[in-house]
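These are my notebook entries on one structure. I set down what I looked up, entry by entry.

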Amino acid sequence: MSTPPSSESSTSEATPKKDHGRAGRDLKAAVGSAVVLLSAIAASLVFWKPAFMVIVAVAVVVAVWELRKGLLAKDIDLPEQPLMIGGVVMVVVAYVWGSAALVTATAVSALVIMLWLLRRGVDGYVKNATASVFALVYLPFLGSFVALMLAEGGRTGGGLDDKGVQGIITFILVTIASDIGGYIAGVLFGKHPMAPVISPKKSWEGFAGSTLATVGAGVALVVYLLEGDWWIGVALGLIAVVMATLGDLCESVIKRDLGIKDMSQVIPGHGGLMDRLDSLLATIAPIWLLLHYGIFT
């Protein structure tokens, strides 16, 4: 007499894991999520740009939560509350008072976090304090450059005539161009892995597609939106593709070291918020520096 299949095997057979092919993601869900997020961003920038700072602050809080959750796999416990509060303060300070105030807020936040960790005792202090300072720089500090960019056109108002809004649009679109260009070229032509141990699906063909897309987008945005010189657009595109690729690879290394596929599942079709912020966090600081001195000053 044959043994009936277990409920566990029946369940696994009844709900097989979907194969999304070379795309590696549910494109329908991914596109829907992207449309919702981009619509919220566009609405805040067009009607009242300080509302965009609320989106940035929420993103910092969620990213800290995701990173803490991931690091727990390695017994690293980030102090969630001071990191979240310090991160929001850093974003606000950068927007209202600028880069000098951001540096001060970062230093104070780091000291507060290290003092906060003293409450846990000696065991694991260096490990948790080091990871906490890393998280502070990686998430809210880099994210605060978005606030510096938006403040280029003043701290109130909004609309396409605002320099800060133009800078944010340029930064977002050129980074998206890198992602889309690399994705299309990688799916269609990708044969030579760039870093097979870190990110098997990232190819040199995809990088070439990213380069063409970002340089083209950079020139178009700088010339027609920012009314700057074409060579600044070329520089913008090259900076964006290099930094976006490095940001993506760095986050891939973090996830591989932690033994996880996605930071979370808060964004349908995309995984975690940090899975979408990796390229943006890496590109914002050098792009702000280039536009600040090459266009806005």
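Does S203 count as buried or exposed, and why? I find that S203 counts as buried because its relative accessibility is 6%, where buried means under 20% relative accessible area, exposed over 50% and partly exposed in between (1.4 Å probe, protein chains only).

**Entry 1: the model.** I note that this is a predicted model, in which local features need pLDDT of at least 70, side-chain atom pairs count only at pLDDT 80 or more, and totals for chains, interfaces and linings use all residues. Residues are numbered from 1 along each chain as its sequence is written, and side-chain values use heavy atoms, with hydrogens and water left out.

**Entry 2: around S203.** I placed S203 in strand β2, residues 199-203. Helices (H or I, at least four residues) and strands (E, at least two) are DSSP runs, numbered from the N terminus. Leaving aside residues up to four places away in sequence, I list G186, G190, K191, H192, P193 and M194 as touching S203; a contact means heavy atoms within 4.5 Å. I also recorded that a polar atom of the S203 side chain lies 3.0 Å from the backbone nitrogen of G206.

**Entry 3: the whole chain.** I looked up the secondary structure and found 10 helices and two strands. Along the sequence the pattern reads α-α-α-α-α-α-α-β-β-α-α-α. The chain has 297 residues, of which 46% count as buried. Among contacts with a separation of 6 or more, 69% join residues 24 or more positions apart. The chain exposes about 15,300 Å², and carbon and sulfur atoms supply 69% of that area (Shrake-Rupley method, 1.4 Å probe).

**Entry 4: helix α4.** I followed α4 over residues 80-97, which number 18. From first C-alpha to last, α4 reaches 25 Å, close to the 26 Å expected at 1.5 Å a residue; the expected span is 1.5 Å times one less than the number of residues. Its buried residues include L83, M84, G87, M90, V91 and A94. An α-helix has 3.6 residues a turn, so residues three or four places apart point the same way. I see that the cover over the buried residues of α4 includes α3 (50-71), α5 (99-117) and α6 (125-150). Just after α4, G98 takes a positive phi of about 95°.

**Entry 5: the record.** I consulted the unreviewed UniProt entry, whose annotation "transmembrane region" covers several spans, including 163-185 and 206-226; such annotations may be inferred rather than shown by experiment. In the model, residues 163-185 are 100% helix and 0% strand, with end C-alpha atoms 32 Å apart. Residues 206-226 are 95% helix and 0% strand, and their end C-alpha atoms lie 28 Å apart.

Conventions. Polar contact = N/O pair within 3.5 Å; in protein donor to acceptor, adjacent residues only side chain to side chain.
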